[in-house]
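Student: I am new to this structure and would like to go through the terms used for it. Please show it to me.

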Amino acid sequence: MTTTCPPSPVPFPDRVDVQPGPALLAGIEHGPSLAAHRRQYGEPPAVSSEELHEALRRIALRGRGGAGFPFATKLEAVLQQGSRPVLVVNMSEGEPASSKDTAIALTRPHLVLDGVVTTARSLRAREVHLVLPGERPAAAAAMRTALEERSDGVRIRTHVAAPRFVSGQAKAVVELLSGRPNLPVTSWQPEAVSGHKGRPTLLSNAETWARVGLLVLRGVSSFCSLGTREEPGTTLLTLSAPGHDPVVREAEYGARLRAHLLPALAGRPALVGGFHGSWTTWETLASARTSVPGMRALGAPLGAGVVLSAPHGTCPVTLTGEIVAFLAGQSAGRCGPCLNGLPALARAVSSVVDGTDGPARVEQLAALVERRGACAHPDGTVRLVRSMLATFPEEVGLHARSGCSEHRRLHVVPDRPDAPAVRRAS
Ligand code: SF4
């Protein structure tokens with residue numbers, strides 16, 4: 001029997017609107033070629049591992065893949081192992097609502113490559129891997145073109161990530177490098193201690209490596225000339241919405257988030273942090289500053305910088321149901337909570353959406369699934385579902401009465417043999 005996975009309500013985009021920014025995206029109008037890149041930045045200087053570590057510590061660089069882990073700490077752990085490390089640029093970007101790594105591939109590929117090549121030289125690493133996105137052919141092609149332009153003397157092996165939401169997880173990427181299925185596995189050792197072939201592995205996403213490139217090319221003072229004392233620099237945001245091309249913008253830390261949001265989506269709630277993120281109201285978004293700890297304190301962690309708005313005509317409760325159905329189909333199917341729990345959770349959320357059941361069953365299943373998976377996939381899905389219930393209690397109540405504030409006339413019920421196909425809203 002074959003089963004089809006529900007599609008993502010936000011498909012992988014054919015087009016990404018990348019806007020010039022103050023640091024990483026400065027000068028993108030000159031194109032992504034190596035010649036344009038060298039005209040803007042020159043050659044990267046040689047740096048020792050100690051100098052690199054100290055510079056990373058001073059700029060307080062956090063990984064931009066979602067977890068926000070300090071990159072200097074990761075490098076420190078790699079250096080402490082005392083053996084030759086493996087370096088990995090993870091461009092999988094399996095999150096459909098995120099397009100920032102795609103934006104970097106299309107506009108700034110040589111910042112990424114300068115970052116990883118300079119680090120490889122300073123750490124005397126002989127093995128560097130670049131994981132390309134399986135579902136974003138333009139980004140993969142742009143990185144291949146950039147590689148062909150260079151002659152660094154550092155061999156970079158390319159791999160293509162499987163088209164699955166969880167393929168970009170660090171442990172899934174290490175599996176891919178070893179020729180095994182690109183799926184998460186249980187392992188309690190951080191990659192920095194024991195990653196590819198048991199060697200210390202410095203693995204990060206494209207934006208992080210591009211920040212390393214910018215640091216070695218421009219130096220600490222330039223990096224810290226933007227942002228705040230606690231959070232120097234900038235971050236990339238992907239502004240997405242169903243039916244809209246994503247827009248990637250560069251925001252200075254400490255600046256009002258509102259200044260970067262799309263005017264057409266003003267007033268609308270948004271899912272911050274992507275499909276594993278948290279719903280938040282427009283009022284919270286409008287008052288927020290671009291800040292990792294600041295957004296976390298507001299209950300809307302920035303994660304990988306996704307702000308997915310529910311535009312007019314899109315109900316956030318219905319959209320959540322579609323996302324959970326998609327996520328349930330993306331599991332590696334290796335852990336019980338994920339294999340059985342997420343489909344059950346998706347059905348329970350669907351019942352809330354179509355008004356045939358209340359949120360109690362959703363809460364019950366969320367508690368059963370939480371903290372039981374080998375990776376963050378079940379917990380991320382639970383976070384999304386709980387934030388929907390907490391942010392939209394009135395909308396959930398309206399659905400229970402067969403209504404929906406975005407679709408006042410008709411309330412469409414998913415295919416279920418025991419339910420009518422269409423019901424009239426209150
Ligand atoms: S929790 Fe899910 S996605 Fe993660 S390893 Fe287990 S089955 Fe795979």
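Student: Are phenylalanine 165 and phenylalanine 275 buried or exposed?

Tutor: Both phenylalanine 165 and phenylalanine 275 are buried. Buried means under 20% relative accessible area, exposed over 50%, and partly exposed in between, with a 1.4 Å probe and protein chains only. Keep in mind that this is a predicted model, where local features need pLDDT of at least 70, side-chain atom pairs count only at pLDDT 80 or more, and totals for chains, interfaces and linings use all residues. Residues are numbered from 1 along each chain as its sequence is written, and side-chain values use heavy atoms, with hydrogens and water left out.

Student: Why is phenylalanine 275 called buried?

Tutor: Its relative accessible area is 0%, so phenylalanine 275 falls under the 20% limit. Phenylalanine 326, at 6%, is also under that limit and therefore counts as buried.

Student: How many aromatic pairs are there?

Tutor: There are five aromatic pairs. The rule takes rings of Phe, Tyr and Trp (its six-membered ring) whose centres lie within 6.5 Å; planes under 30 degrees apart count as stacked, over 60 as edge-to-face and the rest as tilted.

Student: What is the pair of phenylalanine 275 and phenylalanine 326 called, and why?

Tutor: It is edge-to-face, because the centres are 5.8 Å apart and the angle of 80 degrees is over 60. Phenylalanine 326 belongs to helix α12 (residues 316-328), so this pair ties together parts 51 residues apart in sequence. Ring pairs link Phe165, Phe275 and Phe326 into a cluster.

Student: Which residues touch the most other members of the largest nonpolar core?

Tutor: Leu56, Leu87, Val116, Leu202 and Trp209 do, in a core of 54 residues. A nonpolar core is a set of buried Ala, Val, Leu, Ile, Met, Phe, Trp, Tyr and Cys residues joined through side-chain atoms within 4.5 Å. Helix α8 (residues 206-218) gives the most to this core, with eight residues. Apart from this core lies another, of 39 residues, among them Phe165, Val166, Phe275 and Leu319.

Student: Why would such residues gather?

Tutor: In soluble globular proteins, nonpolar side chains tend to be buried together.

Student: How do you know that helix α4 is mostly covered?

Tutor: Seven of the eight residues of helix α4 (residues 100-107) are buried, including Lys100, Asp101 and Ile104.

Student: Why does threonine 381 count as buried?

Tutor: Its relative accessibility is 0%, so threonine 381 is under the limit. The residue lies in helix α15 (residues 377-391). Leaving aside neighbours within four places in sequence, threonine 381 is in contact (heavy atoms within 4.5 Å) with His276, Val324, Leu327, Leu342 and Leu345.

Student: Which residues of helix α3 are buried?

Tutor: In helix α3 (residues 71-80), Phe71, Ala72, Leu75, Ala77 and Val78 are buried. Their cover includes α2 (49-59), α5 (109-123), β5 (201-205) and α8.

Methods. Helices (H or I, at least four residues) and strands (E, at least two) are DSSP runs, numbered from the N terminus.
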